[in-house]
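Have the model open as you read.

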Amino acid sequence: MKKCHRCGSRETIRYWHNDYDNKRNWIGHLCYNCKLDVEKEKTRKIKEKILNEKKDKKIKCVKCGNDIDIDDNKYNYYDDNGVWDKKSKMCDKCYVKDWYKETKSDALKYDTRIRKDEIYIRDFNSLTKNEIGLIIEVVVCKTLMVKHRNIESNNFRSGGADTLRHPMYGYIEVKSSSFDIERNLWHNAIENENFDTLMFVCMDMYNPWKNIERFYTIPYSELSNQVSISISKNGKKWERFRTEIVYFNNNYHGLVSYFKNRPFNIDNIKKWLND
Ligand SMILES: [Zn+2]
Ligand SMILES: [Zn+2]
């Protein structure tokens, strides 16, 4: 008979969970309550780590040198090769200023990378913003059964708002964001204004992402003049635009496993979309 190795209980709610040590060795069964405690403890440790790191160093914008307040929006700074060193940040203003220039060179870069089979989803840290954006767009395309203009035309040199078009949602702008555990929210800039519907895809805090946590389908009219969007985990403001995530998540997981050992290139994306 199974027994929880932490509290000794011989009962659990619904089913038994497995517990592992730091080296991923199985160390025993966990009851539902202990599993809950273990998960809470993990989250607490991650939060603590982030807070400590924050105490150690003030964040400065790498572009203008101004201090970035903890509560300000900040953006990862990608160098000329489209690589983020995992620490450099930019303030709101510098981000928007840089956006057009950066996006253009980033687009040229991934147009080349995708053709040379250089994009691998498993190397999440090596992906540029555009590449991460494309992954999420492809998931949206599959789930909503819409075509992706750049994939169809075999050309990634131009972005623009007419990339995805849906009979009901019109032109779709897809934005994704990692969960910001410090501020308990998801955030991203909205640079474009020529779209009908924003699909805001809220991911978890892991790297690489494990799950889509929330999905919002927001008409452009609700966003007029906003240059960014923030959705707080506990807020109610955007609740009515929240969409069921099961199908999106199934496709996200499907994509991650399909591309585990395959390059993320146009042929493979097409195959996956038609699968
Ligand atoms: Zn237990
Ligand atoms: Zn700045």
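Leaving aside its neighbours within four places in sequence, which residues is P263 in contact with?

## A loop residue and its contacts

P263 is in contact with D117, I119, Y120 and N268, where contact means that C-beta atoms placed from the backbone lie within 7 Å. P263 sits in the loop between α5 and α6. K236 is 27 residues from P263 in sequence, and their C-alpha atoms are 40 Å apart in space.

This is a predicted model, where local features need pLDDT of at least 70 and side-chain atom pairs 80 or more, while totals for chains, interfaces and linings use all residues. Residues are numbered from 1 along each chain as its sequence is written, with chains lettered from A and ligands numbered from 1 in written order.

## Helix α5 and its two faces

Now for α5, residues 246–258. Helices (H or I, at least four residues) and strands (E, at least two) are DSSP runs numbered from the N terminus. Buried in α5 are F248, N251, Y252 and L255. They cover an arc of only 105° around the axis, which puts them on the same side of α5; the arc is that of the directions from the helix axis to the C-beta atoms. These buried residues pack against α3 (129–144), β9 (212–219) and α6 (266–274). The face turned away from them carries exposed V246 and S257.

## The whole chain

Overall, the chain has six helices and 10 strands. Buried residues make up 24% of its 275 residues.

Conventions:
The expected span of a helix is 1.5 Å times one less than its number of residues. A residue is buried if 20 or more other C-beta atoms lie within 10 Å of its own, exposed if 12 or fewer, and partly exposed in between; C-beta atoms are placed from the backbone. Two residues are in contact if their C-beta atoms, placed from the backbone, lie within 7 Å.
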